[in-house]
Amino acid sequence: MNRKLLVDTNIFLDVAIDAREEHVPGVLLWDEFLYGEIEGYVAATSLKDVYYILSKYEGESRSRGFIEAILKIFQVVPVDALICNTAIRSNEPDFEDGIVRECGESIPVDFIISRDKNAFGRSYIKCLTAQEYLDFFCDIEETVSYTHL
């Protein structure tokens, strides 16, 4: 059975914006989702955040196209009143991170993929960066910089 990963907003931005420091690991992880090696999940609220931030850098059309690509590959975890109430009462210091954490725990996923090292530390789900996941679980001989999105 495939591993289940919930991907945080910052990883999607790494994939979409070439200039970001963690672009290459993000793209390589994206490929793992494309090849069906892992099941991907995204919190519904992350889609809004990715769209908003990406539209500032890349414009409306590119932002919509990227969200459409996410929707083809990832399963969206709905954010409802239960998720919000659990997140606001959780021991997660940041409400937005609490929402992502509760989405991951509601599935449950095997890992949360994020670069936010201050988040998800109290969750029973381990948080890894894209590079850490690749190092632990993927056989990638060499990282190369490319864009194909």
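Which hand, left or right, does the crossing of α2 and α4 have? In this predicted model, the crossing of α2 and α4 is left-handed. The two helices pack at an angle of about 45 degrees, and their axes lie 10 Å apart. That angle makes α2 oblique to α4. From α2, the contact draws on Trp30, Phe33 and Leu34. These residues meet Phe66, Ala69, Ile70 and Ile73 in α4. Seven residues of this contact are nonpolar; none is polar and none is charged.

Helix α4 (residues 60-73) also packs with helix α1 (residues 9-16). Here the angle is about 120 degrees, with the axes 12 Å apart. α1 is therefore oblique to α4. The crossing of α1 and α4 is right-handed. Phe12, Val15 and Ala16 form the α1 side of the contact, and Arg62, Phe66 and Ile70 form the α4 side. Five residues of this contact are nonpolar, one is charged and none is polar.

The strands form an open sheet of five, in the order β3-β2-β1-β4-β5. Pairing in this sheet is parallel. β3 (75-77) and β5 (126-128) stand at the edges. Each has a single partner strand, so one side of each is left without a neighbour in the sheet. Neighbouring strands are turned by 35 degrees against each other on average, direction ignored. Strand β4 (residues 111-113) pairs with β5 in the parallel sense, over three bridges. Within this pair, Ile112 has Cys127 of β5 as its bridge partner.

Helices also pack on the sheet. Helix α6 (residues 95-106) touches β1, β2, β3 and β4. The direction of α6 makes about 165 degrees with that of β1. Helix α2 (residues 23-34) lies across β1 (3-7), β2 (38-43) and β4. α2 runs at about 115 degrees to β2.

The mean pLDDT of the protein chain is 93. A value of 70 or more is reached by 93% of its residues. Over residues 143-148, the pLDDT is below 50. Beyond near neighbours in sequence, this stretch has 14 contacts in the model.

Definitions and conventions
Residues numbered from 1 in each chain as written. Predicted model: local features only at pLDDT ≥ 70, side-chain atom pairs only at ≥ 80, totals over all residues. Heavy atoms only, no water. Axes fitted to C-alpha atoms, helices over the stretch in contact; angles between N-to-C directions. Helix = DSSP H or I, 4+ residues; strand = E, 2+ residues; numbered from the N terminus. Parallel < 35°, antiparallel > 145°, perpendicular 65-115°, else oblique. Left-handed = near helix turned anticlockwise from the far one by under 90°. Contact = heavy atoms within 4.5 Å. Nonpolar A, V, L, I, M, F, W, Y, C, P; charged D, E, K, R; others polar. pLDDT = per-residue confidence, 0-100. Pairing = 2+ DSSP bridges.
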